[in-house]
Amino acid sequence: MKFTINNNLRLLTCPLLLAGAVCCSSGNDGDTPAPGPGPDPSPVTGDVLAYVTSADGNRLFTEEGLDYSKVSMSPYRVTIDPSTTYQTVDGFGPAITGATCYNLLQMSQADRTAILRKCFDPETGAGFSFIRVHIGGSDFSMDEYSCCDREGIEFFAIPAVEKDGIFPVLKEILEINPEIKIMGSPWSCPKWMKGTVADPSKPYDSWTGGRLNPAYYDDYAEYFVQWVTEMEENGFPIYAITMQNEPLNKGNSMSLYMPWEDQLAFVKKLGPAFRKAGIDTKILCYDHNYNYDNVAGQQNYPLNIYADADAAQWVDGSAWHNYGGSVSELDNIRAAAPDKTIYFTEASIGTWNYNFESCVIDDFESIFLGTLSRYGKGVLLWNLMLDDKGAPNRPGGCTTCYGAIEISSSDYKTLKYNSHYYDLAQCAKVIRPGAVRIGASGYTASGLTYLAFRNPDGSKAFVALNRSAGEQTVAVYENADRSFKYTIPAKSIASFRWGAGAEN
């Protein structure tokens, strides 16, 4: 069966991944993001749909159609083994923050719909399938606020700044892709629930820092219940929440110190509150960097929670950022708690680290292949869209961040696509929600890494990274009738999808 494609696919594989997280290196082109993909080409046909992004920018999510070929005797053969299965994958996508929505809502309706389709449409676009939203404000919201700023949980209500400034975008995304999964994370509890870090019972009137007062654990659990309920009443099903964004970061413009002892105690209130309300939203712990050992007393943060059976029963798994430490920490988490899920939930690019060539390759290796090869179920990155000034942003938050897409503040029309857009697209287009990671083994070469997946429709996906300075050939073999060969350019990502249901 031949397939027709109209933009976006590619993959490769290799059995071993680097153990350490690789950060984008700094470069002198931090303020000049790579150009975006050109106009959609005429549809191409083939047995295999392939997509390629190269660090040099010569190929940017470029689509190709390949024919099956005989590769059984090839020295480059990688054998796909659907009988060997690992984790199920929920999806890939960006954060839909207040800042992202502000920029999108400055666009004309036609332009906004076009970019949202380019990102979220699983057939004609990249097929982003997972998004993260803030519960209350964040460092990329349009103000500092919670959903209950008047003391008393009876006053809970999602504020107009979100109903007017975020809900319209979420509704349009879900109209484009109704299967989108949504994860919510708070940057702070309401201020009236806060105490000082040293003494949580002592009132603390600041959005930055502080600690949840145990006297308000029940109220804060109800806060989550009401948030999930109101979001779902507005048409936004909430797949998962984390209990606190960056719980060990006391210094963000909106933040809350929430050590593992607090999350352990709080989830014993939150879990039963969800059950009583009939809410099946997943609860994730942690949601911070790999290197929690750098904070006194916070060693093995998630594992300390899992060690308490009463707390662990309510916790589906853990969430991770890469601003410190190594992705290899996930090996320790997986080994100690194989029944708990793992999600990557935030990474940023900006003036401090951005170089398209290094970021597109390094982040794909460490964040995407690094997480997926360690049983990760999904990858979420930070803002989908910021303007050319990294705005809007909050005082005391990040003022030097880039979005996955940059929009010109002079016309709210001109777009530039950064490395995070391409990294997300290379996975989301071929690895569909509900895909299962399967075995892939055989040919290996320096700089070549790969993984394979079986999609719910029966199609297969193969994603590969060639970080070497020369091209690499791979011969992907599923069976005698379904195999193909492809030469991956130097410093490039390639993704492929073939088999039942692979037509676009």
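Predicted model: local features only at pLDDT ≥ 70, side-chain atom pairs only at ≥ 80, totals over all residues.
Residues are numbered from 1 along each chain as its sequence is written, and side-chain values use heavy atoms, with hydrogens and water left out. Helices (H or I, at least four residues) and strands (E, at least two) are DSSP runs, numbered from the N terminus.

Strand β17 belongs to an open sheet of three strands, ordered β17-β19-β20, with mixed pairing; two strands pair if DSSP finds at least two bridges between them. The edges are formed by β17 (385-387) and β20 (415-417), each of which pairs on one side only. On average, neighbouring strands of this sheet are turned by 30 degrees against each other, direction ignored. The pairing of β17 with β19 (residues 405-407) is in the parallel sense and extends over three bridges. Within it, Asp387 has Ile407 of β19 as its bridge partner. Helix α1 (residues 98-106) packs on the sheet and touches β17 and β19, its direction making about 70 degrees with that of β17. Contact here means heavy atoms within 4.5 Å; axes are lines fitted to C-alpha atoms, for helices over the stretch in contact, and angles run from 0 to 180 degrees between N-to-C directions.

A further parallel pairing joins strand β6 to strand β16 (residues 378-383) through four bridges, with Leu380 of β16 as the bridge partner of Gly93. Because five of the five residues of β6 (residues 91-95) are buried, this strand is largely enclosed by the rest of the structure. Buried denotes under 20% relative accessible area, exposed over 50%, and partly exposed the range in between (1.4 Å probe, protein chains only). Helix α11 (residues 419-428) is likewise mostly covered, with 10 of its 10 residues buried; among them are His420, Tyr421, Tyr422 and Cys427.

Helices α2 (residues 109-120) and α4 (residues 167-176) pack at an angle of about 55 degrees, with their axes 10 Å apart. The arrangement of α2 is therefore oblique to α4, given that angles under 35 degrees count as roughly parallel, over 145 as roughly antiparallel, 65 to 115 as roughly perpendicular and the rest as oblique. From α2, the contact is made by Gln109, Arg112, Thr113, Leu116, Arg117 and Phe120, and from α4 by Glu172, Ile173 and Ile176.

Several loop residues were also examined. Phe61, in the loop between β3 (48-54) and β4 (62-66), has a positive phi of about 55 degrees although it is not a glycine. This residue is buried, at 2% relative accessibility. Tyr375, in the loop between α10 (356-372) and β16, also has a positive phi, near 70 degrees, but is partly exposed, with a relative accessible area of 25%. Ser255 lies in the loop between β11 (240-242) and α6 (260-277) and is buried, with a relative accessible area of 3%. Residues up to four places away in sequence not being counted, Ser255 touches Trp187, Ser188, Lys194, Trp207, Thr208, Gly209, Gln244, Asn249 and Lys250.
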